[in-house]
Structures are given as C-alpha cells and as structure tokens.
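Me: I want to learn how to read helix contacts and aromatic pairs. Take me through this structure, please.

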Amino acid sequence: MANKSERICIIGGGPAGVAAAMYLQNKGYENYEIYEKLWKVGGSIYSPKIYMNARDYAFETGDISAKISTDFIKDAEEFTNEKFKSENQNLRLIDSLNNEIYPFNIKKEFSFKKFFYNKRLKKEIEKLKRIIDNPDNEDLSLTFKEFCKKKKLKKISEYLSLSIIPFSNGQIDDIAAVFVINRLKNYDIYDIKNMNLTLWDEGAQNIFKRINEDLIHPANVNSEVRKVQHPAPGTLGKIKVTIRYKGNERVEEFDKLILAGDFDEYAKYSDIADEGKKIFERIKYKGLVSFLAVFADGKNPDKSGYIYENRCIENNGHAFMILKNRDDIKDNCPCTVYACRNDEISLDENLILMANDINALGYHVKERLYEQEIRCFPYLTFDEGNDISFTKLDKLQGKQNTYYIGNILDSISPEGICASSKEIVERFFPKDE
C-alpha cells in the first residue's frame, strides 16, 4: 500500500530532480523536499536573458534539447497550465574553414561511394534498432567500439559521432555499449543525419523554473547535501540528511531518498552499501565548456553549425559547435560556442582555443558575455573487463529506501532525462492507496 505521507528527499534541482517532484506531486506525494547546491534550478541548463531590441531574449549556454519524442513537455504544460513555444533548428555540418559539407546527403552532393555508404548504413541502423528493442545481449558489456566491431556495425560509430546526442561528440568509443544503447531507445536514429535540435523561446531553463514555481515545495537552492546516513541494515529508522545553507549545517530526517545529483559525489558523502559504492566510484563525467559571445559588426554567424573535424577525442578543447540561438534576431545575435573540455590545459586556455577556432571560421569574437564549464556525459569506466550493466544499476533501486535517476540513465537530452524520472516514479511510487 502506498504511504503518501512519507517524507521524501530529492538531491538535485536539475531536470531529473524537478521532474521527479512534479511526477510525485501528480501522484499525490506532496511531502517532499528538493535540495540544490547551485543558486538556480535547471542543473546543467542555463538560459540567461539579454536585453536587446526593446525586450529580453533567452540564450542557451548549457545543455540543449535534441529533437526527441517524449511526453515530458506535454506533462510540463499540463502541470504549469502554460504552453512552451519552441522551434526546430536544422544545423549545418561544416569544416574548419566554414565550408558546408554533406557526408550523408546524396541529394546535396552525390557520389557512388556515398550512395553505397548510405545503403550500408541503413542496414546497420535497422540492425541496431533491433538490438535496442531487444537489449538482452551479453555483448552489451563491451565498449561501444568493441561492440560495433563484433556486431559488424562499422558505420554506426562514425554516424553517431555526428549526432546532437550529448554523450557522443566522438566520445562514445570507450563507453559501455549498454549505456549507448539505453540512451538511444527514445531517439529516432534516422533523424540524426538531419541535425535537428529544439530551441525554446523563453529558454530551456524556463521550463524547469516554471515547474518549480508550481511545486508545493519549490527547490531549496544554495543548499548543499553534505552527508547521508541510512538506518543500519535490517532495522527501521529514518534517513538522516545533513544540509549546509549559508554556512550553517542542519540534519533533516526522511523516509525515502531520490538521488538526482552526481553519482560519484554521492559515493563520497553517503553510507551507500558496498555494491552501490563500487559502481558509483567508477562513474566518470566528461566536461563541456561553453561561452556566449557577441561578434564584431558584420562578422556574426547567421546559422548554427557543427565543426566536423573537431567532434573527436583528439580535438577536445576545440570548438565543435556554434549555436545561433535565435532566428528572430537577424543582426548581431549573440551565439554560443561549445567544446569538450581538454583537461591538459587551463579553462582560460580552452576558452581562447575555442575563440580562435570561431575566428578562423570568419566570425570575430568581440566579447564573451558568459562562460561556464559543466560536468556531463556520465559513463562507467571498465575495471579488468568487469561487466557493468543497467541490470546491476537497476537492482539498486529501492535498496535502503533510495532511488536513482538522472543523466546516468538517459543523457540524450533534458527531455530524455525527465522521461527516465517519470519511469522511476511510476515504478516505485504507486498512485492508489
């Protein structure tokens, strides 16, 4: 029987945590608290507003939305009683000199080599889709590169490296195949070559701000969880959570806990059982660097694009994408530049490298208005070939009255992350008494 009076702690006010609170509230669970260590909700999503042309415009600087079909936006609109306006943007694929290239589009640039490449690729996509629909396969514990080699999917890795799926960017070869497959399950693989993404008129962050405003218990921002202590195994009791706010610490007691924050950090400040600790300590995050900039007059991008040769591990630190946030600003529109973090250089050096890449395209950066580095693209490292799968992660759900959501389960896009939150709430928090 569902006990809806139980007190629930949600760690993390990013997309997963805010969505979890919304879905819990929809099912009658109203005794929850969200703790977010940042000053804002939205996690890796940040959509600052800039006043131009007699109004405020939102610009994306963090995670952006892939064109993906989930019910989350519909659920958010019903919850907030608000319609979130968006537009789909088709992106160019360019080289480092700003020449548009067409590696898959035979209509734009025909060759027999490309024709047969696409024919082979289509067969591989169909094969991959069958694997996604039936993922129970021992080979999924291999790295994605080894998995593709064994399954004779030679074209797939290159194809996915061009996608707007955040965990790709040429970074997926060393990740367990099970993670890649799981994150593709809600995605139209055929649509990758169309290079589409969704831009929200008021910014992606606004969706989560609006949900947060309509929660019975909005997120406690600037509130860092410092310690989690569960009852001793086999005993009843409360989960004790230590929270730091404005330099002061206090302990709150909860019946259940939902982790929507960084898993590797949770392994450090909680008393999670050894089986979970061994998994979470092996979770690593790739870094994403971005800056929002204005450009010299007449030298600003008029379209968004991916820089083809920089979407690989060897070119980490180089700009791989430039995003023209808004089509409704024709002149001097601020744009966002993205790169995968190069850990061998400083953040300032990384930002300069990115700016030089954009200048080489013929767009001259005049001023960086905002810049950030975020942790994203979580994945599990391999340990002496030890098999780690979603089955093992899933077996942790509910143990110690603790549940796990967030981008380790689905990092295709914010909408995909929220879809995984909905799935966990539906599975473990019954609606009816």
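Reply: P15, A16, A19, A20, Y23 and L24 of α1 meet P414, I417, C418, S421, K422 and V425 of α12. These residues divide into 10 nonpolar, one polar and one charged. The model is predicted: local features need pLDDT of at least 70, side-chain atom pairs pLDDT 80 or more, while totals for chains, interfaces and linings use all residues. Residues are numbered from 1 along each chain as its sequence is written, and side-chain values use heavy atoms, without hydrogens or water.

Me: At what angle do the axes of α1 and α12 cross?

Reply: Axes are lines fitted to C-alpha atoms over the stretch in contact, with angles from 0 to 180 degrees between N-to-C directions. Those of α1 (residues 15-26) and α12 (residues 414-428) come within 8 Å and cross at roughly 40°. That makes α1 oblique to α12.

Me: How is an aromatic pair described?

Reply: By the distance of the ring centres and the angle of the planes. Phe, Tyr and Trp rings (six-membered for Trp) pair with centres within 6.5 Å; planes under 30 degrees apart are stacked, over 60 edge-to-face, the rest tilted. The whole structure has 13 aromatic pairs. F72 and F208 are stacked, at 5.6 Å centre to centre and 15° between planes. They sit 136 residues apart, in α2 and α7.

Me: Is F72 buried or exposed?

Reply: Buried, at 2% relative accessible area. The cut-offs are under 20% for buried and over 50% for exposed, with partly exposed in between (1.4 Å probe, protein chains only).

Key. Helix = DSSP H or I, 4+ residues; strand = E, 2+ residues; numbered from the N terminus. Parallel < 35°, antiparallel > 145°, perpendicular 65-115°, else oblique. Contact = heavy atoms within 4.5 Å. Nonpolar A, V, L, I, M, F, W, Y, C, P; charged D, E, K, R; others polar.
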